[in-house]
Amino acid sequence: MTATTPATTGHRIDRRVPAGRLIVYGVVLAVGLCLMFAPFLFPDVRAQEVAARICVFIVLVASYDLLIGYTGIVSFAHTMFFGLGAYGVAIALKTMGAGFDAILLGGSLGVIAALVLAVLIGLLSLRVKAIFFAMITLAAASAMMVLASQLSDFTGGEDGMTYSIPRFFSPANTLIEGSDGKAMRIFGVALNGRVALYYFVFLSSLILFLTMLRIVASPLGTVLEAIRENEMRAEAIGYRVVAYRTAIFCIAAVVAALAGVVRATWLRYTGPDVALSFDIMLDILLMVVIGGMGTMFGAVIGVVIMTLAQFYLKDLMAAGAATTADVPLIPDLLNPDRWLLWLGVVFILLVYFFPAGIAGTLMGKGGTK
């Protein structure tokens, strides 16, 4: 008798990538290319602010997904770590002046503070049940918000603080000089410090995102998923669950703080509303749910959809109301003041049609997640 093989028995191993995954990869690649060339594709100031915000929030949301999506940890303190990084840079630039040494020192101190707090919260609180841990993190975030408001001599209080950044990032700084003695232009965009500042944001965000992709693809990522699926079983086979949960909590805190450093450098302003607000935490949660928990690429999709809606939905509704001005009822429904209503409708539809998030649902169609 001859040995049977998959080919002779009619069975073949299907190595094709599921269509859903290809769609997600294609969308993420398109977003990445748009962000890479954003200064040349979208040269106006508002569009560049949107692009920079998307870069930073992809990192922030992906770092939160390390907790809630990959490990099953529900935390409301993520903006606290984000704010520590932002305030570290802001205070250093305000007191030391506009230099890269201030960004390095302030950013390092902010990251160290975030790491120390994450270790303390993790070791003291991660042994308790999920809902109690979530309440502890909420209390910690609220306390940090109060401190930022009360310590006005250091943080600027409710008004926050503005500061200068290194001249290298100034629009007056010429990166490459053209034949006319001014900054060289590519596709009509001057190669000045503003372009350098955007690519500082983009490259920093890209490095952090790729690092997180490497983490979830490593054996550590597999252990985290095992803890999420069945904590008791993971502990029974020898994994120190509290140690792993504390480690990933610290990693996520450090990444969030680094995202705060980048955001503060871009904005040249730091205050409770842009660094510590609970509204930011809600945005992060919505972005994770829209994109899909447990998928790094879901962070990209969720952030893009939510950010574009926040910045452009009102404009789109105003244009629709103007176009349908002669139609009864429609202009009133499309009143830009009702943009949150329509954002809620869009969110409900996305959750209904993509119960695991857009990336999660599409990538799950192939049978494996």
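User: Which ring does the charged end of Arg 53 sit over?
Analyst: A charge sits over a ring if NZ of Lys or CZ of Arg is within 6 Å of the ring centre and within 35 degrees of the ring normal. For Arg 53, the distance to the centre is 4.3 Å. The ring belongs to Phe 57.

This is a predicted model: local features need pLDDT of at least 70, side-chain atom pairs count only at pLDDT 80 or more, and totals for chains, interfaces and linings use all residues. Residues are numbered from 1 along each chain as its sequence is written, and side-chain values use heavy atoms, with hydrogens and water left out.

User: How many aromatic pairs are there?
Analyst: Rings of Phe, Tyr and Trp (its six-membered ring) pair if their centres lie within 6.5 Å. Planes under 30 degrees apart count as stacked, over 60 as edge-to-face and the rest as tilted. By this rule the count is 16.

User: Which helices hold Tyr 25 and Phe 297?
Analyst: These rings form an edge-to-face pair, 5.6 Å centre to centre with 80° between the planes. Helices are DSSP runs of H or I, at least four residues, numbered from the N terminus. The pair ties together parts 272 residues apart in sequence, because Tyr 25 lies in α1 (residues 19-36) and Phe 297 in α14 (residues 296-323).

User: Is Tyr 198 buried or exposed?
Analyst: Buried means under 20% relative accessible area, exposed over 50%, partly exposed in between (1.4 Å probe, protein chains only). The relative accessible area of Tyr 198 is 0%. Tyr 198 is therefore buried.

How values were computed. Helix = DSSP H or I, 4+ residues; strand = E, 2+ residues; numbered from the N terminus.
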